[in-house]
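Take a moment with the sequence and the model below. Then follow the walk through the pockets, the charged pairs and the cores.

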Amino acid sequence: MNLNRLKWVLVLTVSLLQLQSVAGDKSLSVQEDRISGLEKESKKVELSNYPKPTSLQEISDLLTNAIKSLTKTIYFDASAMKMTDSQLKMTVLNAYYNALNKDNSLKHTYKVVPTRKPGTKIMVCEIKYMPYKLGINPKTIPAGTKKINSYNDLLSATLNSPSGKNIPIAITNKDLDFTTMQLILGSNCGYGYFVYTFNAEATTINCTPAPKGLPGAPTSVSDCILKINTVKDSVTAILTRIITPEMTNDQKLTSIYNYVTRTSYDFNYNTPKLPFDSQTAYGVFVNRKAVCGGYSWAFNLLANAAGIKCYNVGGKGDNVTHAWSMANYNGEYYYFDSTWDRGLNQHPYRYFGQTESYFQSKRHVWNNSMINALVAENQ
């Protein structure tokens with residue numbers, strides 16, 4: 001091959017390689033453009049799949065559905081709301097509170113944290129649940145923590161813990177309703193002198209003295225403890241006097257009811273002059289004068305100390321705030337209102353061991369979910 005022909009072959013080869021390279025670059029560029037287009041399209045589809053609420057109520061509905069399914073994070077497109085970030089966050093929080101107020105069963109959530117995705121109109125709502133609803137591993141429960149597996153365990157936890165102290169707890173039963181537990185702490189724990197409430201995560205029962213205001217209200221934790229110790233001592237002394245070993249439980253309950261109904265009613269009720277102790281068993285045991293809360297607490301403490309299950313019940317009687325009792329009598333649970341039977345001293349009583357329907361017919365009104373939950377665990 002002569003020199004000129006060789007040069008021509010080399011030039012042709014280089015030219016072909018350059019053409020292939022250019023073609024390859026163009027192909028790669030087309031492929032990259034296609035991928036970029038798909039990503040953009042995917043993002044458009046993603047954005048279009050988010051709910052687009054137009055009102056506080058629609059956000060509330062989104063949160064309600066999420067909480068019911070224990071969803072930890074929800075997203076929605078806020079473009080239709082036309083609000084600033086701060087306004088939108090406040091709207092989300094108001095929607096959350098509306099959801100809780102409308103449905104008490106959602107109160108196992110304790111917080112919603114709303115934020116906006118940077119550079120978008122997408123709101124991210126992180127929902128915080130009380131640990132017990134998500135499940136607690138028994139192996140992780142610290143020593144000294146009270147395990148709550150039933151509604152009655154709440155009563156045991158407060159009764160068997162040092163007075164005036166916060167109580168670390170681990171709720172091990174996912175099915176316990178938070179509102180019902182709150183009602184139990186409020187109506188059946190603390191002797192009327194301490195107020196028990198949950199912390200935000202429901203991992204501690206907080207204990208504080210009852211609110212001040214009425215004459216003789218406790219001024220400190222030590223003041224509450226002194227009154228409670230007097231109540232406990234009174235329970236022991238009274239049962240020694242009115243209960244004998246040969247009595248059946250039904251006879252014991254009758255004797256206890258006889259004692260409590262002989263207490264005078266404090267007609268300072270609903271006035272600034274009402275002594276605080278009249279709302280507690282102290283009023284019955286020491287002062288022999290009380291209002292309905294005192295009657296109910298006295299009957300409760302005496303019956304339980306005698307080995308008979310008894311609970312406080314709160315509601316309205318004759319359209320006025322009222323308290324009475326439920327106790328095990330004749331092998332079943334019945335209602336008792338020692339306040340409205342005061343002064344009768346002995347059978348036949350009108351409100352001793354009566355059914356729910358009877359009490360309802362006698363102008364007693366209440367939400368029975370709490371008391372039914374407690375009693376169901378004993379049957």
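What volume does the second largest pocket have? The second largest pocket has a volume of about 490 Å³. This figure, like every other here, comes from a predicted model. The pocket is lined by 25 residues, and the closest to its centre are Leu-159, Tyr-191, Asn-300, Leu-301 and Asn-304. By type, the lining of the second largest pocket divides into 14 nonpolar, 9 polar and 2 charged residues.

Now turn to the largest pocket. Its volume is about 590 Å³. Here 27 residues form the lining, and Gly-186, Gly-192, Gln-279, Gly-293 and Trp-297 are the closest to the centre. At least two lining residues come from each of α6 (178-188), β6 (194-198), α10 (292-305), β10 (310-317) and β11 (320-329). The lining of the largest pocket holds 14 nonpolar residues, 13 polar ones and no charged ones.

Step back to the whole chain. The chain has 12 helices and 13 strands. Of its 379 residues, 41% are buried. Take the contacts between residues at least 6 apart in sequence: 60% of them join residues at least 24 apart.

Where do the buried nonpolar residues gather? In soluble globular proteins, nonpolar side chains tend to be buried together. The largest nonpolar core has 77 residues. Ile-171, Met-181, Phe-198, Ile-256, Phe-285, Phe-299 and Leu-302 touch the most other members of that core. Ile-171 shows how such contacts run. Leaving out residues up to four places away in sequence, Ile-171 touches Tyr-132, Ile-136, Ile-148, Leu-176, Met-181, Phe-198 and Ala-202. A second, separate core has 20 residues, among them Ala-66, Met-81, Leu-100 and Met-123.

Helix α12 is worth a look as well. This helix spans residues 369-376, and its buried residues are Met-370, Ile-371, Ala-373, Leu-374 and Val-375. The cover over these buried residues includes α5, α6, β10, β11 and β12.

Next come the charged pairs. Side chains of opposite charge can pair when their charged atoms come close. How many salt bridges does the structure hold? The structure holds 6 salt bridges. In one of them, Arg-116 pairs with Asp-85, and the closest N and O atoms are 2.3 Å apart. Arg-116 sits in strand β2 (residues 109-116) and Asp-85 in helix α3 (residues 85-102), so this bridge ties together parts that are 31 residues apart in sequence. Asp-85 is partly exposed, at 37% relative accessible area.

Another salt bridge joins Asp-277 and Lys-227, with 3.0 Å between the closest N and O atoms. Asp-277 belongs to the loop between β8 (264-265) and α9 (281-287), while Lys-227 belongs to helix α7, so the pair ties together parts that are 50 residues apart in sequence. Are these two partners buried or exposed? Asp-277 is buried, because its relative accessible area is 10% and buried means under 20%. Lys-227, at 15% relative accessibility, also counts as buried.

Arg-350 is partly exposed, at 43% relative accessibility. Asp-341 is buried, with a relative accessible area of 0%. Where does Asp-341 lie? Asp-341 is in the loop between β12 (332-336) and α11 (356-361). Tyr-351 is 10 residues from Asp-341 along the chain, and their C-alpha atoms are separated by 6.4 Å. Not counting residues up to four places away in sequence, Asp-341 touches Tyr-257, Thr-261, Tyr-349, Arg-350, Tyr-351 and Phe-352.

Finish with two backbone details. Leu-70 has a positive phi, near 60 degrees, and is a residue other than glycine. Leu-70 lies in the loop between α2 (56-68) and β1 (73-77), and at 31% relative accessibility Leu-70 counts as partly exposed. Arg-288 is not a glycine either, yet its phi is positive, about 55 degrees. Arg-288 lies in the loop between α9 and β9 (289-290). Arg-288 is partly exposed, with a relative accessible area of 26%.

How values were computed
Residues numbered from 1 in each chain as written. Predicted model: local features only at pLDDT ≥ 70, side-chain atom pairs only at ≥ 80, totals over all residues. Heavy atoms only, no water. 1 Å grid on protein atoms, 1.4 Å probe; cavity = no way out; pocket = protein on both sides within 12 Å on 5 of 7 lines; lining within 4 Å. Points joined across faces, edges and corners; volume = space filled by probe spheres on them. Helix = DSSP H or I, 4+ residues; strand = E, 2+ residues; numbered from the N terminus. Nonpolar A, V, L, I, M, F, W, Y, C, P; charged D, E, K, R; others polar. Salt bridge = Lys/Arg side-chain N within 4 Å of Asp/Glu carboxyl O. Buried < 20%, exposed > 50% of the residue type's maximum accessible area, 1.4 Å probe, protein only. Core = buried A, V, L, I, M, F, W, Y, C linked by side-chain atoms within 4.5 Å. Contact = heavy atoms within 4.5 Å.
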